[in-house]
Amino acid sequence: MTNRRLADIVKHQKPLLLGEHETVQQACSTVPADDLERLTGIFTGRDAVRTLAEGKNAEVTTLAHAMTPNPITITPDSHAIDALREMSNRGFRHLPVVERGRIWGVVSRSDFNGIEIDRLGEEDHL
């Protein structure tokens, strides 16, 4: 199936939501949080590595100082190829799925099947 909606891909996700005041160490320890109302940033493995490579202390550096702020997002009604295209064009490995401020989940390249990735490859060759 090459036209999967992102809502179908992320429907069973429960994304880890943390406040900007949480530390990098807490984020890496997967401490869950609740009562967040909007997406203000995304903290990925790339952010963690960059933060540590800059010599910042993970115990005291807050996510506000380590995350990628105001990330590009995509809606749950978008299709897999739309997310793959966006991730490819921008060099992303993760893309938050958000609708009217509600975080549905995050798609990663590994969430997509070979047919979807092949379709993106065909587009690139055109």
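Tutor: The discussion below concerns a predicted model, and it moves from the core to a helix and then to a strand residue.

Student: Which element gives the most residues to the largest nonpolar core?

Tutor: This core has 14 residues, and those with the most contacts inside it include Leu6, Ala83 and Phe112. Two or more residues come from each of α1 (6-10), α4 (80-90) and β3 (94-99). With 5 residues, the element that gives the most is α4.

Student: How many residues does the second, separate core have?

Tutor: Among its members are Leu18, Ala58, Leu63 and Ala66. The number of residues in this second core is 6.

Student: Within what arc do the buried residues of α4 fall?

Tutor: The buried residues in α4 are Ala80, Ile81, Ala83, Leu84 and Met87. They line one face of the helix, because, seen down the axis of α4, they fall within an arc of 160 degrees.

Student: Which residue just after α4 takes a positive phi?

Tutor: The phi angle in question is about 75 degrees. The residue that takes this value, just after α4, is Gly91.

Student: Is Pro69 buried, partly exposed or exposed?

Tutor: Pro69 is found in strand β2 (residues 68-69). Leaving aside neighbours within four places in sequence, Pro69 is in contact with Thr40 and Gly41. Buried requires under 20% relative accessible area and exposed over 50%. Because its relative accessibility is 49%, Pro69 counts as partly exposed.

How values were computed
Residues numbered from 1 in each chain as written. Predicted model: local features only at pLDDT ≥ 70, side-chain atom pairs only at ≥ 80, totals over all residues. Heavy atoms only, no water. Core = buried A, V, L, I, M, F, W, Y, C linked by side-chain atoms within 4.5 Å. Buried < 20%, exposed > 50% of the residue type's maximum accessible area, 1.4 Å probe, protein only. Helix = DSSP H or I, 4+ residues; strand = E, 2+ residues; numbered from the N terminus. Arc of directions from axis to C-beta. Contact = heavy atoms within 4.5 Å.
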